[in-house]
Amino acid sequence: MMKIAIVPYVTNGRVSQVGHDGYLNVFKKSRSTVLKENLESALKEAQIPAEVIVDVDHGDLQALKRKGVNLMLLPSDVAIYVDYSGILSNEYYKLSENEYEKGEVTHIIEYIKAYHLD
């Protein structure tokens, strides 16, 4: 079973956090929640066995890899601050603005089919 992590924030320095996930409207779902729900639905429809989680390690890709995460989804504003040491290029996917803001998953599913399925 594949394990996918959405990384909405990254810790930059000791106390600085980069990324945006929520909205000012408390009744609106966070971006990562919408993306997770859409991705789970698309994976189920494509019959790809996978678990989707939202990262709580604040962008520590090495820790996520040790926890068995196969693919890390990085919003464009977070991707520039992440430490990629020890991470292969097929182990992360940089989300476009549209994918993260609107929860569009078509290209993500295509990427998974191309690089993560045997």
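Predicted model: local features only at pLDDT ≥ 70, side-chain atom pairs only at ≥ 80, totals over all residues.
Trainee: How many aromatic pairs does the structure hold?
Mentor: Side-chain values use heavy atoms, leaving out hydrogens and water, and residues are numbered from 1 along each chain as its sequence is written. Rings of Phe, Tyr and Trp (its six-membered ring) pair if their centres lie within 6.5 Å. The number of aromatic pairs in the structure is three.

Trainee: At what angle do the ring planes of Tyr-84 and Tyr-92 stand?
Mentor: Planes under 30 degrees apart count as stacked, over 60 as edge-to-face and the rest as tilted. The centres of the Tyr-84 and Tyr-92 rings are 4.7 Å apart, and the pair is tilted because the planes stand at 45°.

Trainee: What is the distance between the ring centres of Tyr-111 and Tyr-115?
Mentor: Tyr-111 and Tyr-115 are four residues apart in helix α5, so about one helical turn separates them; helices (H or I, at least four residues) and strands (E, at least two) are DSSP runs, numbered from the N terminus. The two planes meet at 40°, so this pair is tilted, and the centres are separated by 4.8 Å.

Trainee: Is Tyr-115 buried or exposed?
Mentor: Buried means under 20% relative accessible area, exposed over 50%, and partly exposed in between (1.4 Å probe, protein chains only). Tyr-111, at 15%, is therefore buried. Tyr-115 has 52% relative accessibility and therefore counts as exposed.

Trainee: Which strands stand at the edges of the open four-stranded sheet?
Mentor: The order is β4-β1-β5-β6, with parallel pairing; two strands pair if DSSP finds at least two bridges between them. Each edge strand has a single partner, so one side of it is left without a neighbour in the sheet; these strands are β4 (50–54) and β6.

Trainee: What angle does the direction of α1 make with that of β4?
Mentor: Helix α1 packs on the sheet, touching β1, β4, β5 and β6, where contact means heavy atoms within 4.5 Å. Axes are lines fitted to C-alpha atoms, for helices over the stretch in contact, and angles run from 0 to 180 degrees between N-to-C directions. The angle between α1 and β4 is about 180°.

Trainee: With the side chain of which residue does the side chain of Arg-31 make a polar contact?
Mentor: Arg-31 belongs to helix α1 (residues 31–45) and is buried because its relative accessible area is 9%. A polar contact is a pair of N or O atoms within 3.5 Å; within protein, one must be able to donate a hydrogen and the other to accept it, and residues adjacent in sequence count only if both atoms are side-chain atoms. At 2.9 Å, the partner of Arg-31 is Glu-101.
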